[in-house]
Amino acid sequence: MRYRETTPLLLTMVLLAPACSDDDSSADGEAQASSGTAASEPSTGAATDDPAATDGSTGMVDSSGGGIDLDALYDCEDPDLFVAQPLSGPGIDPMTGELVEPLQTEYFVHTTQILVRPEQMETFFAVNGTVVDQLLTSEGLLGFSLALEPTCGFARTMAVWADERSMLMFVGTGAHLDAMTQVADLAITGRTTAWAAPAETMPLTWEMALAEIDTITPVAY
């Protein structure tokens, strides 16, 4: 099963959450997480008319003069991906980076990419702190990694979960659920995807994560 979510999970560098309408309540989020139901299909990803959305180092605006030129932002190629934290966690061997045995037949993994509004960085990292605290105590988390694109400005995460339900419980509860309401204020654009991964494809690498998310249509907030 693969998700193509449009309202991004908040990990130390990325705000991502299941795709949901603006009037979804916290109870709805928790119900989705506990039931394990799939997120809805993504929206069209149309650019916003919010002038603040053009803030940032690139300042890319589409030809209509309205919103963000997403193609220009995502066409940016960063020669170096700075891995701020290698894949680590309770299910990862710190010496080898491999999953701790006994191995499961299948794992659930996700990766995210987001561009934070420069003027919101301080708030963004403050919110992230509470979410990471929740992440580190989340049942079913096996490991996660954080990375930055120094040139293009994107922040990225990837994580390995024991199962889909564990990931959805994290997304739809606590500090992460609270953070989801701030995505539009904190971020310019983003995208995320999650999928079931057979044990033989593990451990999850950044090369795998980048290839997967490149197939996902980004959205402007």
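Q: Is cysteine 76 buried, partly exposed or exposed?
A: Cysteine 76 is partly exposed, with a relative accessible area of 31%. Buried means under 20% relative accessible area, exposed over 50%, and partly exposed in between (1.4 Å probe, protein chains only). Keep in mind that this is a predicted model: local features need pLDDT of at least 70, side-chain atom pairs count only at pLDDT 80 or more, and totals for chains, interfaces and linings use all residues. Residues are numbered from 1 along each chain as its sequence is written, and side-chain values use heavy atoms, with hydrogens and water left out.
Q: OK, which residue does a disulfide join to cysteine 76?
A: Cysteine 152, with an S to S distance of 1.9 Å; the cut-off for a disulfide is two cysteine sulfur atoms within 2.5 Å. Cysteine 152 is buried, at 3% relative accessible area.
Q: Left-handed or right-handed?
A: The torsion about the S-S bond of cysteine 76 and cysteine 152 is about -85 degrees, so the disulfide is left-handed.
Q: Switching topic: how many salt bridges are there?
A: The whole structure has 2, counting a side-chain nitrogen of Lys or Arg within 4 Å of a carboxyl oxygen of Asp or Glu. Glutamate 149 pairs with arginine 156, their closest N and O atoms being 2.6 Å apart, and both of these residues are buried.
Q: And what does arginine 191 meet in a salt bridge?
A: Aspartate 214, at 3.2 Å from N to O.
Q: Buried or exposed, that aspartate 214?
A: Aspartate 214 is exposed, with a relative accessible area of 51%, while arginine 191 is buried at 6%.
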